[in-house]
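Please review the following briefing on how two chains meet and how one of them is folded.

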Amino acid sequence: LLACSLAEFEDILFSKDGSDIIREPEFLQYFSQTVISITINKTAWTLKIIPYTHLRMVQRSINQQKIINLFIRFVEICATKGETIIIGAYTIFDKSMTLRIDVDEISDEIGFAHTITVFVGKENTANTISINTEK
Amino acid sequence: MQVITETIFNQTQQLAPSEKREILSRLLASQLTNEFGTVWKSVRFSDKLRVMAHLPTQEIFVEDLRKLLQTGALIHLENQSEGTCEVFGIDRTFYVTISEKREFVGLLNSWLPENSPVEINVEK
């Protein structure tokens, strides 16, 4: 892939295997990891957008601000419901997209800053089936 | 089909494990014959399978995931065009992107069954 000319590269991307090829590690190196620091109600959050997520954001024309806005709404809704955000995975459903996050760690001494890895899930929830198999 | 599937699935929660398997195995077969709206699927990869972790914290689970996928596993598709799905192992669930044709799996995240993702709806 790295040895391809730009034209060959384009051909690969638009081929029927293009959607599979873009998941390969050698393609992902073209997408950087981004770290966004935000503060919501005096709590610091670090959102880590990994190269795979960056790729999907570019592909679906999702800008960083949309991710930030969705995350802020998630934090606010949890606060309203009195739910403490803890280490672990969350799936955040919105009308236009599903954001999956993993609260990795509490990264400051007093436990108020969290590092969150962001993944992008389904494009919309219209056909999402949520099945809980646990009792 | 999807609505019926969900109803049946919810009802199986009342059943014994063996009864659950009886229903789910038939349900899975019926889903696989339906090209559209296939949500559950079984996969099995050869020795050529390549697995990589997208996060350093997930690297310790790569071998377990590889073994699971080479033995055969049940997956729940999230986004067919992007290949994202959940792979259900005996004691761990993996959130991955799968390219069946290229036998490549990228591990995005994983969790223990008792710590499955908390689902929050933020729709306005």
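The points below treat the interface and then the sheet of chain B.

This is a predicted model in which local features need pLDDT of at least 70 and side-chain atom pairs count only at pLDDT 80 or more, while totals for chains, interfaces and linings use all residues. Residues are numbered from 1 along each chain as its sequence is written, chains are lettered from A in the order in which they are written, and side-chain values use heavy atoms, without hydrogens and water.

**Interface**
- In contact (heavy atoms within 4.5 Å) are 45 residues of chain A and 42 residues of chain B.
- The two chains bury about 4000 Å² between them, 52% of it on carbon and sulfur atoms; this is the accessible area (1.4 Å probe) lost on being put together, summed over both.
- Six salt bridges are counted between chain A and chain B, each a side-chain nitrogen of Lys or Arg within 4 Å of a carboxyl oxygen of Asp or Glu.
- One salt bridge joins A:Arg100 and B:Glu86, with the closest N and O atoms 3.0 Å apart.

**Pairing across the chains**
- β3(A) and β7 (residues 118-121) of chain B run parallel, joined by four bridges; strands are DSSP runs (E, at least two residues) and pair if DSSP finds at least two bridges between them.
- Opposite A:Thr91 stands B:Glu119 in β7(B).

**Sheet of chain B**
- Six strands form an open sheet in the order β1-β3-β4-β5-β6-β2, with mixed pairing.
- Its edge strands are β1 (40-43) and β2 (50-53), each pairing on one side only.
- Five bridges link the antiparallel strands β4 (residues 84-88) and β5 (residues 93-99) of chain B, where B:Phe88 has B:Thr93 as its bridge partner.
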